[in-house]
Amino acid sequence: MTQYGALRLWAVFLTIIGVLGVLAAAAGTLILAFEADGFWQTLGVLLIGGPVSIFLATLPIAVAQALRALADVGDTVAAR
C-alpha cells in the first residue's frame, strides 16, 4: 500500500486537465486561423501562436509527471 495516493490522485487530475487543455488549444488555434484576415496573420497563428499555446497547455501534464515521479521516489525510499 502506498502512502502517496494523494500525489497520484492529483497527477491523474492534472493529466486530464492537461489533455483537455491541449485539445482546447488546438481547436482554438484552428478557429483563430480560419478567422484571421490574411495570409500572413494565418501563417503567424499557425506557426507561432499555435505551438506556443499548445506548449503552455502541456504544463499541467509536466507537473503531473513530476508528482508521479515524486510519489515513485517516496515509495522506493519508504520500502528500504
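## Basis of the values

The model is predicted, so local features need pLDDT of at least 70 and side-chain atom pairs count only at pLDDT 80 or more, while totals for chains, interfaces and linings use all residues. Residues are numbered from 1 along each chain as its sequence is written, and side-chain values use heavy atoms, with hydrogens and water left out.

## Helix α1

Helices here are DSSP runs of H or I with at least four residues, numbered from the N terminus. Helix α1 covers residues 5–35.

Several residues of α1 are buried: Ala11, Leu14, Gly18, Ala25, Thr29 and Ala33. Buried means under 20% relative accessible area, exposed means over 50%, and partly exposed lies in between (1.4 Å probe, protein chains only). The buried residues of α1 pack against α2 (39–57) and α3.

## α1 against α2

The axes of α1 and α2 come within 9 Å and cross at roughly 170°. Axes are lines fitted to C-alpha atoms, for helices over the stretch in contact, and angles run from 0 to 180 degrees between N-to-C directions. Angles under 35 degrees count as roughly parallel, over 145 as roughly antiparallel, 65 to 115 as roughly perpendicular, and the rest as oblique. By this scale α1 and α2 are therefore roughly antiparallel to each other.

On the α1 side, the residues that meet α2 are Gly18, Gly21, Val22, Ala25, Ala26, Thr29, Leu32 and Ala33; on the α2 side they are Thr42, Val45, Leu46, Gly50, Ser53, Ile54 and Ala57. Contact means heavy atoms within 4.5 Å.

Two residues show this pairing from either side. Thr29 sits in α1 and counts as buried at 12% relative accessibility. Leaving aside neighbours within four places in sequence, Thr29 is in contact with Val45, Leu46, Gly50 and Ser53. Ala57 lies in α2 and is buried, with a relative accessible area of 13%. Not counting residues up to four places away in sequence, Ala57 touches Gly18, Gly21, Val22 and Ala25.

Leu43, also placed in α2, is partly exposed, with a relative accessible area of 29%. Leu43 and Ala33 are 10 residues apart in sequence, and their C-alpha atoms are 7.8 Å apart in space.

## α1 against α3

Helix α3 covers residues 59–79. The axes of α1 and α3 come within 7 Å and cross at roughly 160°, and the two helices are therefore roughly antiparallel to each other. The crossing of α1 and α3 is left-handed, a term used if the near helix is turned anticlockwise from the far one by less than a right angle; clockwise would be right-handed.

Residues of α1 in this contact include Leu7, Arg8, Trp10, Ala11 and Leu14, and those of α3 include Pro60, Ile61, Ala64, Leu67, Asp72 and Asp75. Ala64 belongs to α3 and counts as buried at 0% relative accessibility. Apart from residues up to four places away in sequence, Ala64 touches Ala11, Leu14 and Thr15. Ala64 and Leu14 are 50 residues apart in sequence, yet their C-alpha atoms are 5.6 Å apart.

## Salt bridges

A salt bridge is a side-chain nitrogen of Lys or Arg within 4 Å of a carboxyl oxygen of Asp or Glu. By this rule the count comes to two. In one, the side chains of Arg8 and Asp72 meet at 2.8 Å, N to O. Arg8 lies in α1 and Asp72 in α3, so the pair ties together parts that are 64 residues apart in sequence.

Asp75 also forms a salt bridge with Arg8, with the closest N and O atoms 2.7 Å apart. This pair links α3 and α1 across 67 residues.
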